[in-house]
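Hello,

Please find the structure below. My notes on it follow.

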Amino acid sequence: MTPRRTVVTTSWDDGHRLDTALADLLARYDVPGTFYIAPRNVELRPADRLPAAGIRDLAARGGVEIGGHTLSHLRLPLIDDTSAREQVALGKIELENIIGAPVVSFCYPRGEYRAVHVRQVAQAGFRLARTVRRSSLATGPVMEMATTVNAYAHRVDVPLVLRLAGGRPARAAQLYRHWDELAIRWFDLCLERGGVYHLWGHSWEVDARGDWARLERVLAYISGRPDVRYVTNGTLAEAGAA
Ligand SMILES: [Zn+2]
C-alpha cells in the first residue's frame with residue numbers, strides 16, 4: 001500500500017530581527033519557512049523590527065518565502081474597512097518594493113478577521129491566507145488556512161491531548177506541558193494519515209521562553225524524511241500540494 005502523502009510547511013510571524021536566527025535554524029535542517037512580515041509593526045519596538053536589509057537577506061535564501069502581515073500589524077476587526085484595505089494592500093506593496101518580487105501569501109494579524117477582510121486580502125492579489133487555527137492536518141479554505149501546531153506552550157484542550165496520547169495519562173500530561181512533545185506527536189500522526197503538517201510561531205516568543213532547543217528538537221525530528229514533501233506556505237496554494 002502506498003502511504004498517504006505528507007506535506008510539511010512552517011511559518012513565522014511578525015518580522016522581528018530574531019527571524020534571521022530562526023531562518024538559520026530552519027536552514028540547518030533544510031526545512032522551508034514562510035516569514036509573515038509587517039514592515040512597520042507597531043507592536044514591536046522599531047529597534048526590534050527586521051530592517052529592509054534583513055528582509056532582503058531572508059528573501060534571498062533558498063527555502064524562504066516572504067509573506068504579507070499588513071503594514072503595521074493593526075487588529076483588522078478593530079479598524080474601519082477602508083483602513084483595513086490599506087493595511088493589507090500597503091503591507092504587500094512595501095514588502096514587494098523591498099524584495100523586488102511578488103508576495104502571494106498573507107497572514108491575519110493575531111488571526112483576527114471578518115469576511116470583509118478575506119475579500120480584501122484576495123482583492124489585494126494574495127493567493128492564500130493563514131489563520132491561527134491549530135490542530136488540523138488539512139489546510140482547509142485557501143484564504144482561511146488552518147495550521148497544525150504552534151511553537152508555544154498554549155493550553156491545549158484536554159480531550160484532544162488525551163486522544164493524541166492514546167488515552168495514556170502520563171503521556172497526556174507530557175503533551176499538555178510541552179509543545180515540542182505535542183509537535184512531534186502531531187508529526188507522527190501526519191505521517192500515519194497523510195496531510196499537511198503546519199508548524200508556526202514567532203521568533204521573539206521562542207527566544208523569550210528559552211525555547212530554541214525545543215524548536216531545534218522538533219525540526220530535527222520532522223526534517224529529512226523520505227516521502228515527505230517540504231514546502232513554503234505559498235506552494236500550498238498551487239494545486240496538488242496537499
Ligand atoms: Zn503577527
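Arg171, Gln174, Leu175 and Arg177 in helix H6 meet Trp179, Glu181, Leu182 and Arg185 in helix H7 (contact means heavy atoms within 4.5 Å). By class, this contact has 3 nonpolar, 1 polar and 4 charged residues. The axes of H6 (residues 169–177) and H7 (residues 179–193) come within 5 Å and cross at roughly 110 degrees, so the two helices are roughly perpendicular (65 to 115 degrees). Helices (H or I, at least four residues) and strands (E, at least two) are DSSP runs, numbered from the N terminus.

This is a predicted model, in which local features need pLDDT of at least 70 and side-chain atom pairs count only at pLDDT 80 or more, while totals for chains, interfaces and linings use all residues. Residues are numbered from 1 along each chain as its sequence is written, and side-chain values use heavy atoms, with hydrogens and water left out.

Strand S7 (residues 195–201) is largely enclosed by the rest of the structure, because 7 of its 7 residues are buried (under 20% relative accessible area, 1.4 Å probe, protein chains only). S7 runs parallel to strand S1 (residues 6–14), joined by 7 bridges (pairing takes at least two DSSP bridges). In this pair, Val8 stands opposite Tyr197. S7 also pairs in the parallel sense with strand S6 (residues 149–150), over 2 bridges, and Val149 stands opposite Leu199.

Asp14 (OD), His69 (NE2) and His73 (NE2) coordinate the zinc ion at 2.0 to 2.1 Å (donors are N, O and S atoms within 2.8 Å of the metal, or 3.2 Å for Na, K and Ca; water is not among the atoms, so sites may look incomplete). Asp14 lies in S1 and His69 in the loop between strand S3 (64–68) and helix H3 (81–99), so the pair ties together parts that are 55 residues apart in sequence.

Regards

Terms used: Axes fitted to C-alpha atoms, helices over the stretch in contact; angles between N-to-C directions. Parallel < 35°, antiparallel > 145°, perpendicular 65-115°, else oblique. Nonpolar A, V, L, I, M, F, W, Y, C, P; charged D, E, K, R; others polar. Buried < 20%, exposed > 50% of the residue type's maximum accessible area, 1.4 Å probe, protein only.
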